[in-house]
Amino acid sequence: MLAREHDVSAVEAEIWAFLHDEDGVAPELPQRMAGECHRLARLAGSRACGVVSCSETAERMLAQQETKGLEALYSLVETPGGGITNGADLAVRLEEAIKERQPLLVLFPASSIANDIAARLAARLDRPLLGTAVDIEWEHDAPVIRREVYGNRAHQIVKPSTPPPWLATVAVGVLEENTVAASDTEITCLATAAEPVQEMLEGRRRLPASELDLVDADIVLSVGRGISSNAVLEQVHRLAELLDAAVGGSREAVFSGLVPRERQIGASGKWIAPRIYVALGISGSTYHLMGIRDAKHVLSINTDATAPMVGRAKTNIVASIDDIVPQVIAALEKDK
Amino acid sequence: MKIVVCLKPAVVASEFACEATTGAPIRPERVQISEVDEAALQTALDLKKSHNGSQITVLCIADRAAESLLRHTLHAGADHAIKLDVQHGDNIPFDTSAAAKIAAAAIREIKPDLVICGARSPDHGSGFFPYALAAAMDYPVVAGAVSLTLEQNRLTTVRKLAQGWRENYRLDLPAVLAVEADIVQPTHVAVMGRSYREAVGRTVETWPLDKLGMETCPDSLEQEIELSMPRPRRKTAARSKGGSSRNRLKRMKGGSDKSETLEGPPEQLAVEFLQRIRQWQQ
């Protein structure tokens with residue numbers, strides 16, 4: 001769909017969702033944010049709109065059906081990247097766009113990148129940052145935010161005491177699958193003039209797999225008592241390198257010295273929610289399973305077909321790790 | 001070099017209690033320095049060690065027991081500790097934006113080169129304070145710093161993002177830096193240690209609002225309607241149809257009803273393994 005010039009005359013109440021699909025953001029986040037924006041717009045009786053950094057991103061999201069439920073999609077610049085170098089730049093452009101279109105509410109996912117932009121924007125606009133909402137309702141023409149406070153020992157319900165625009169971040173974990181039917185979304189370029197900003201972003205990089213924290217990893221290989229020797233453990237590390245995964249272990253693996261204490265997964269270690277969790281020789285005690293409760297896909301390799309992990313895993317490979325891991329490494333190296 | 005550290009007295013969340021009749025949560029009275037604020041103070045102390053002649057001033061906005069926390073920072077090695085005395089009369093925590101405006105007024109008096117604070121407090125955790133402060137001061141800001149180096153009035157820092165991503169920033173001073181708890185390892189303040197003994201004669205200063213050129217507290221930008229016990233978000237998804245007790249138990253543990261078991265020669269299983277990983281990665 002082609003971008004068109006913005007028509008200033010037709011301004012009506014809108015609710016915006018900031019959508020971004022840069023590195024470090026979960027791929028399903030934009031479509032979930034679009035769904036949440038659609039829900040709130042229905043409650044507020046206004047238009048649901050998305051806002052993205054550039055037209056290229058807008059067109060890509062539209063093609064991938066990530067904007068279901070949105071009536072319009074605004075891009076801040078036309079050119080790819082558009083010279084936007086950091087959150088400070090983006091906040092300046094968004095501020096201009098907000099002043100022009102005057103949306104009631106702008107929603108951001110509570111991811112580290114979006115939170116940075118939202119906080120900068122709230123400070124520039126002198127508005128509260130209604131932060132990390134676990135639920136948003138619409139009462140008396142204003143959003144009412146419920147958020148977790150004091151380490152989730154209580155919920156605080158707040159509303160803004162300023163006029164719109166309001167800015168809110170939504171906890172990523174509460175965003176649900178967007179089930180709204182696909183509809184026509186119009187791309188509009190809000191050409192904004194960027195001001196120079198003082199912060200100088202020099203670059204963005206991802207830590208190598210070996211340095212990745214378990215909670216940050218998309219794929220986690222976890223070792224247990226089924227690891228027979230140091231040679232097999234080395235192969236697991238090699239496999240982690242090839243898959244860009246982090247290596248953790250069960251409590252038994254920590255006791256055996258296979259992984260350090262800070263890489264223990266389970267009730268008494270780390271609670272993780274990776275996209276893919278691979279259990280290598282782990283029987284799956286209740287306490288270990290608690291730590292991987294939120295893992296999306298679990299694959300288990302174990303010689304014991306009756307281990308508790310079998311009940312948790314989506315795919316169970318009944319075989320010895322000593323046989324499988326070298327074969328997988330060979331296949332991956334061959335593909336390189 | 002002048003460094004200002006902003007502290008927020010964090011309530012001891014483990015002491016949260018409920019009212020017996022209504023079940024409404026009661027905010028604990030006791031406050032402490034949070035892990036992330038300890039890291040901010042330690043970062044300043046480390047900079048003081050590496051930059052001779054540096055002065056650290058700790059600011060704290062509080063209308064209740066902040067004095068002991070500020071005294072602790074003097075014992076740890078801070079040169080000045082200032083309590084910004086703001087009486088707003090009730091037990092509701094101070095609005096972040098208002099707090100930032102008051103802190104900014106005090107910081108203008110001090111004219112520091114660098115302002116350090118925690119990236120987010122453990123109680124509310126919106127992470128808005130450093131940005132609101134930077135906007136009020138018109139300083140550049142980087143939040144979520146996990147490392148920093150300071151050379152010739154220029155700060156180089158690494159910002160922590162999700163999923164192992166990092167951003168490298170370079171900014172000119174004066175600036176606001178909000179640090180993560182893992183930027184440094186806090187050192188233990190030994191009773192009668194050197195810094196403790198040096199702080200014995202020092203007092204915590206109290207600055208009222210009129211000293212900052214403010215007549216009243218800045219307006220709060222948000223209003224607390226209620227503090228309640230946690231409740232899950234209303235579910236809009238269709239309810240599960242039930243199934244056998246075994247399957248329900250499996251779902252409660254996070255498992256799915258459909259699982260597959262693969263057996264066969266290792267070469268074939270390795271191929272199947274990679275197929276599943278690639279499929280799930282998409």
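This is a predicted model: local features need pLDDT of at least 70, side-chain atom pairs count only at pLDDT 80 or more; totals for chains, interfaces and linings use all residues.
**View 1. Overall make-up of chain B.** The secondary structure of chain B consists of seven helices and 15 strands. Chain B has 282 residues, of which 41% count as buried.

View 2. Helix α2 of chain B spans residues 67-76. Seven of its 10 residues are buried, so the helix is largely enclosed by the rest of the structure. The buried residues of α2(B) are Leu69(B), Leu70(B), His72(B), Thr73(B), Leu74(B), His75(B) and Ala76(B). Just after the helix, Gly77(B) adopts a positive phi of about 135°.

**View 3. The surroundings of Asn153 in chain B.** Asn153(B) is found in the loop between β9 and β10 of chain B, where β10 covers residues 154-160. Apart from neighbours within four places in sequence, Asn153(B) has contacts with Asp172(B) and Leu173(B). Leu114(B) is 39 residues away from Asn153(B) along the chain, and the C-alpha atoms of the two are separated by 9.6 Å.

**View 4. The two domains of chain A.** Domain 1 of chain A comprises residues 4-189, and domain 2 comprises residues 209-331. A distance of 37 Å lies between the C-alpha centres of these two domains of chain A.

**View 5. Trp166 in strand β9 of chain A.** Trp166(A) belongs to strand β9 of chain A, which covers residues 166-170. Trp166(A) has 25 C-beta neighbours inside 10 Å and therefore counts as buried, the threshold being 20 or more. Not counting residues up to four places away in sequence, Trp166(A) touches Leu104(A), Leu105(A), Arg127(A), Leu130(A), Pro143(A) and Pro160(A). Glu186(A) is 20 residues from Trp166(A) in sequence, and the C-alpha atoms of the pair are 24 Å apart in space.

**View 6. The crossing of helices α5 and α9 in chain A.** Helix α5 (residues 230-243) and helix α9 (residues 321-335) of chain A have axes that come within 10 Å and cross at roughly 35°. The crossing of α5(A) with α9(A) is left-handed. On the side of α5(A), the contact is made by Val232(A), Gln235(A), Val236(A), Arg238(A), Leu239(A) and Leu242(A). On the side of α9(A), Ile321(A), Asp322(A), Val325(A), Pro326(A), Val328(A), Ile329(A) and Leu332(A) take part. By class, the residues of this contact comprise 10 nonpolar, one polar and two charged. As a general point, an α-helix has 3.6 residues a turn, so residues three or four places apart point the same way.

**View 7. The side of chain B that touches chain A.** In the contact between the chains, 67 residues of chain B meet 76 residues of chain A. The elements of chain B that each supply at least two residues to this side are α4 (129-137), β9 (141-151), β11 (165-172), β14 (222-228), β15 (260-262) and α7 (266-281). The largest share comes from α7(B), with 10 residues. This side of chain B has 33 nonpolar, 18 polar and 16 charged residues.

**View 8. Strand pairing between the chains.** Strand β11 of chain A, residues 200-206, pairs with β11(B) in the antiparallel sense over six bridges. In this pairing, Met200(A) stands opposite Arg170(B), a residue of β11(B).

How values were computed. Residues are numbered from 1 along each chain as its sequence is written. Chains are lettered from A and ligands numbered from 1 in the order in which they are written. A residue is buried if 20 or more other C-beta atoms lie within 10 Å of its own, exposed if 12 or fewer, and partly exposed in between; C-beta atoms are placed from the backbone. Helices (H or I, at least four residues) and strands (E, at least two) are DSSP runs, numbered from the N terminus. Axes are lines fitted to C-alpha atoms, for helices over the stretch in contact, and angles run from 0 to 180 degrees between N-to-C directions. A crossing is left-handed if the near helix is turned anticlockwise from the far one by less than a right angle, and right-handed if clockwise. Two residues are in contact if their C-beta atoms, placed from the backbone, lie within 7 Å. Ala, Val, Leu, Ile, Met, Phe, Trp, Tyr, Cys and Pro count as nonpolar, Asp, Glu, Lys and Arg as charged, and the others, Gly among them, as polar. Two strands pair if DSSP finds at least two bridges between them. Domain bounds come from an automatic or database domain assignment.
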